[in-house]
Amino acid sequence: MPLNPPDTRGQWRPRAARIALVLALALVFVLLTGLVDGGVGVTTGQLLKQPRFPLANALPGLLLAGVLLAWSRRAWLSFGLAFTLQGLVYGVNALKVANLGTPLLPDDFRMVGQLRKGGMHLLSGYLPQSPWPYLALLAALTLVVLAWRFEPPVLPRRSGGKRLAAGGLLAAAFISMLVGLSAWGKIYNARVLWLEPWSARVTTNHSGLISSLMLFHLQYGGGHRKPDRAAAERLIAQSTPALQQVLQQPAPSGELPDIVVVQSESFFDPAIMRGYEHSDFAPNLRRLAKHGISGQLHVPTFGGGTIRTEFEFLTGLSLRYFDNLQFPYLQMSHKSLPSLVRTLESHGYTTLALHGNDPAFWNRTTAFKAIGFNQFVSKSSFPANAPNDGKYMADSAMTDEIMAQLKDSGPPQFIFAISIEAHGPYDIDPADVAKRDAIEVPDGISGRDKLELQTYLYHLKHADTELGRLVQLLAQRQRPSVVLFYGDHLPALSNSYHITGFVDGGDMLSQAGVWLLVDPKQPTKPAQVDTASWLLPGKLLAHLGIHDAPYFALTELVGPQVAALTAAPGAPPRPESDEQRQLDQAMASVDQLRMSGKLEKLMPRAVAPNTTIAHDDTAPAQPVGMVH
């Protein structure tokens, strides 16, 4: 009796339904990702016009969902959990854009490791105050738990071997994305997607946040630009006659001054904002500028990323020339770096860094050792009664500690002090709320924006007051000293900037800060010099009469032509002449060779030993006082 063939239609129907469910969820995942993203290149309509944009933006999430599906066998759970995790990335991006004006970059994820090193205390201040985001996250997690508990598996248990193999392949693909395997460049590149290397905001708006993270990760995440040694040699050869003249200048005679550098948190002159053109929130800075050198300071960051400006000042290296170095202290692999600190130490200075915060945050403990500091005084070493004002230690406590650390005898001292009082967020009440609330703001700024601007200006006034007090106290000492003061970046007051605009009509990411170099006991004629943070070491050494550091002498020669090119990531590019572009490219190679320890043998040396010159001490100037 012939056997009837088995009827397999009943087996295919459930399988087809499972496949249809997974494909439908994948499509919904792509569409929802575009909706949450909001970028013009990944909207729902783009799925038909140019599908590679929304598909590429959702691909990492889809791979993660596939890995979870192979592991859990539950479709709704897998896609829901993947979308929730992706949503967290978008939430963090929204916070960064709101506070700093720029989207997430791959190196921002290095901050995760800082959460257990004092970073949580600082970063938690930027979390939203409204309960709705937390309730939405809780609801999403609740749905994930319910799916885990009640959703029936869509993949049969008996398919374990094939399922695990497929899951392994998807996991390998996902991990290869995270590590930046170059093969992904076939999808995530400037020819396939939209990439504006100078603007993460433009890239994100066109290609989507996830795609932009992949684009920047693949382009700048591995390795670094190779220096053009020939270009560096040409620049050095062209500069050698002028460098030789500098290097042969006599060394300073007599007692070298103590050096106090204050990196003032978020300090800038609000007069560059419309509505504040005639304001005077920094009277001490303006008064002292009449007795020293001052001007605009171009810095490589905005609203945050203090260590970018800090790294440039301490090393004299421009981050403009290191595409892959977004957070230098967190990415440093060098045990020793060339620096201003080491140059001063070679001239007999003891060197000390001072900061009223956790020393592990931003990896400063390790970084300062590599840069060459003899000592790092952090929050735990301040007096137990050091006051806070708002969320952080008051600038007055920093001034007190600077004066406590300065000695009346012994070798000259270099103190690098990092303030923190004016650090955001600016929705934390200060010590004197009434004084804060009395500060006037330009028309159009109201609500939370007004409160944040008033709070910032309250702390700015304190920073300026402490600058005046510090200079006054140093003027009263027997030992000579110099003070270098500068702001690390503009504060993250993006909404206020958008409302008022700037006097020069420029973008907030392009605005310059301020710097000041003054001798408390020997005031000089005022000089207006606009420069960049990485050029400040050369200016400080030149002021001290220390001329035997060839690299810093070179930055003094080329700096005026390239200083204005320094700007925050994402700032609109500045116009460059062909000559300026060539000089900038050559200086990039010089800095890259210096970072790798290969520059020193290319630099010229003084052909004659330094000699000493006598200073005219017959007519000492009057010490610089203080505005209260």
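Reader: Where is Leu85 placed?

Author: Leu85 sits in helix α4. The model is a predicted one.

Reader: Is Leu85 buried, exposed or partly exposed?

Author: Buried means under 20% relative accessible area, and exposed means over 50%. Leu85 has 39% relative accessibility, so Leu85 counts as partly exposed.

Reader: How should I read the nonpolar cores?

Author: In soluble globular proteins, nonpolar side chains tend to be buried together. Here the largest nonpolar core has 69 residues, and Phe313 and Phe414 touch the most other members. Helix α22 (residues 578-595) gives the largest share of this core, 7 residues.

Reader: Which residues does Phe414 touch?

Author: Leave out residues up to four places away in sequence. Phe414 then touches several residues, including Phe313, Leu340, Leu344, Tyr349 and Phe373. A second, separate core has 53 residues, among them Leu354, Leu406, Val441 and Ala568.

Reader: How many salt bridges are counted?

Author: Side chains of opposite charge can pair when their charged atoms come close. The count here is 18 salt bridges. Take Arg448 and Asp427, whose side chains meet at 3.1 Å, N to O. This pair links distant parts of the chain, 21 residues apart: Arg448 is in helix α18 (residues 447-475), and Asp427 is in the loop between β8 (413-418) and α17 (433-437). Arg448 is partly exposed at 46% relative accessibility, whereas Asp427 is buried at 17%.

Reader: Which helix holds both Arg469 and Glu466?

Author: Both lie in helix α18, 3 residues apart, about one turn of the helix. Arg469 is partly exposed, with 21% relative accessible area. Glu466 is buried, with 11%.

Reader: What does the salt bridge between Glu556 and Lys539 tie together?

Author: The side chains of Glu556 and Lys539 meet at 3.1 Å, N to O. Glu556 is in helix α21 (residues 550-562) and Lys539 in helix α20 (residues 536-544), so the pair ties together parts 17 residues apart in sequence. Elsewhere, salt bridges that share partners join Glu255, Asp258, Asp408, Arg477 and Arg479 into one network.

Notes:
Residues numbered from 1 in each chain as written. Predicted model: local features only at pLDDT ≥ 70, side-chain atom pairs only at ≥ 80, totals over all residues. Heavy atoms only, no water. Core = buried A, V, L, I, M, F, W, Y, C linked by side-chain atoms within 4.5 Å. Buried < 20%, exposed > 50% of the residue type's maximum accessible area, 1.4 Å probe, protein only. Helix = DSSP H or I, 4+ residues; strand = E, 2+ residues; numbered from the N terminus. Contact = heavy atoms within 4.5 Å. Salt bridge = Lys/Arg side-chain N within 4 Å of Asp/Glu carboxyl O.
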